[in-house]
Amino acid sequence: MRFEPDAAFAERWDKKDELGHYRKEFVFSDPNLIYLDGNSLGRLTLKSAQQVKDVVEKGWGEDLIRRWNKGWYEAPSRVGDKIATLIGAAPEQVIVADSTSINLFKLVMAALAMRPDRRVVISDTLNFPSDLYILQGCIQLMGGDHQLRLVSSGDGIQIEEDSFLEAIDEGTALLTFSHVAFKSGYAFDVKKIADRVHHAGAMILVDLSHSVGVLPIELDSWGVDLAVGCTYKYLNGGPGSPAFLYVRKEIQRQALSPIWGWFGQHKPFDFDLEYRAADSIRRFLVGTPPILSLLAIEPALDIIREAGIDRIRKKSTDLTSYLIYLIQEELVTLGFKLGSPIDPEKRGSHVSLRHPEGYRINRALIEEMSLLPDFREPDLIRLGLAPLYTSFLDVWEAVQRIKKVVIEGRYRKYSKERFGVT
Ligand SMILES: Cc1ncc(COP(=O)(O)O)c(C=O)c1O
């Protein structure tokens, strides 16, 4: 594709964008604000706002406890089945519950119990730290005989799948990684890794937090065993909305949650004194689901399903490619470097920009330029492009604002000291 470095080009692309009308589905309270953090907290949809109002006023306010039998009790499975359509999973394999970290804990413990004679867990240095902390905690809980083997990235951007493949041996119980790396946006070839993992008799667990809703995912046909993911990023479920987990149908009977709560019981309302795990994916539920935030996800998912992942992915790669073009044209001379893969096939929907003054530049963008990216240590400004509401003009304008902050030295008045959520 041929890009041009001017606003008119961006406007022309917005005019012919088939997904452009979806912008109207989202709340835009400040027309001047460019929001490039949908990879961290997706924007609010009008339908989710209405849904929360209805659930509070009609469900809770009027129906009270009766609502549990009018769709609340089944909600974790129903919303799970909708997410399943976005990740290439047949029904009854996905459930919505808890946070991503807790779901990861449940699945790691289940996987290690399913490979009792193997002692090695493999992950990588690009993985999200919480995932690595969970692995460390699981290893301690298992008695400390397991070992975490971390595959390193040479450049902080990518890890060739072959490095993973070399780390696998007959002692490997589990290999786990993020489909799209949270800092660089590198997208792993999951199928290639899954094939090798299975060949070695190990299990594979993928964190889909940065890919669900923007990348084509085919868990069933790739042969993935287990997966988890957030719903508050590209799924636009809202702050702290519950996460999801996937367990492949064929292994559901053997896979057991380490937390035995009543919602995972075979018949919770028999109040039996003995635990017997549900025969379905519901065995990975623990306690009462957070209904308000769980139901807020549902209408947002319907929008993504209607738009279709293939069209979303196409626009995502157009947006990220355009941004990278502008970075090379306009920002490299100001000391910026690209912190993401150049090959569109190998990246997700965010682009990282490196700059020695990244932290202070990010502060200035937020404080005075009405541009919201986020910052990740040590020097990365992450620009998340959410195809359903980010326009080409947003990308053009964002680059102009970044330029202004650096050329005018606006970042210099901010302290280097980190504060709060970055
Ligand atoms: C890749 C990845 N995994 C896990 C998490 C943790 O999610 P949670 O806070 O829901 O446990 C995040 C949070 O941003 C993430 O980006």
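## What "buried" means here

A residue counts as buried if 20 or more other C-beta atoms lie within 10 Å of its own, as exposed if 12 or fewer do, and as partly exposed in between, with the C-beta atoms placed from the backbone. Helices (H or I, at least four residues) and strands (E, at least two) are DSSP runs, numbered from the N terminus.

This is a predicted model, where local features need pLDDT of at least 70, side-chain atom pairs count only at pLDDT 80 or more, and totals for chains, interfaces and linings use all residues. Residues are numbered from 1 along each chain as its sequence is written.

Let's start with β8, a mostly covered strand: five of its five residues are buried. Ala-243, Leu-245 and Val-247 sit on one side, Phe-244 and Tyr-246 on the other, and both faces are covered. Who are its partners? Two strands pair if DSSP finds at least two bridges between them.

Strand β6 (residues 203-207) runs parallel to β7, joined by three bridges, and Leu-205 stands opposite Leu-226.

## Helix α3

Now for a helix. α3 (residues 75-86) has twelve residues and spans 17 Å from its first C-alpha to its last, close to the 16 Å expected at 1.5 Å a residue (the expected span is 1.5 Å times one less than the number of residues). Its buried residues include Val-79, Ile-83 and Leu-86. Looking down the axis of α3, the buried residues fall within an arc of 155°, so they line one face of the helix (the arc is that of the directions from the helix axis to the C-beta atoms).

What covers the buried residues of α3? The cover includes β2 (94-97), β8, α9 (291-307) and α10 (309-331). Just after α3, Gly-88 takes a positive phi of about 65°.

## Around the ligand

There are 13 residues around the ligand, and Ser-99, Thr-100, Ser-101, Phe-128 and Ser-209 come nearest (a residue is near a molecule or strand if its C-beta atom, placed from the backbone, lies within 6 Å of it). Helices α4 (100-114) and α5 (129-141) each supply at least two residues of this shell. The shell divides into four nonpolar, seven polar and two charged residues.

Another group of four strands forms an open antiparallel sheet in the order β9-β10-β13-β12. β9 (337-338) and β12 (374-376) stand at the edges with a single partner strand each, so one side of each has no neighbour in the sheet. Two bridges join β9 to β10 (residues 350-354), and Lys-337 has Arg-354 as its bridge partner.

Leu-36 is buried, with 24 other C-beta atoms within 10 Å. Leu-36 and Asp-374 are 338 residues apart in sequence, yet 7.9 Å apart in space, C-alpha to C-alpha. Not counting residues up to four places away in sequence, Leu-36 touches several residues, among them Leu-371, Pro-373 and Ala-398 (two residues are in contact if their C-beta atoms, placed from the backbone, lie within 7 Å).

Terms used
Nonpolar A, V, L, I, M, F, W, Y, C, P; charged D, E, K, R; others polar.
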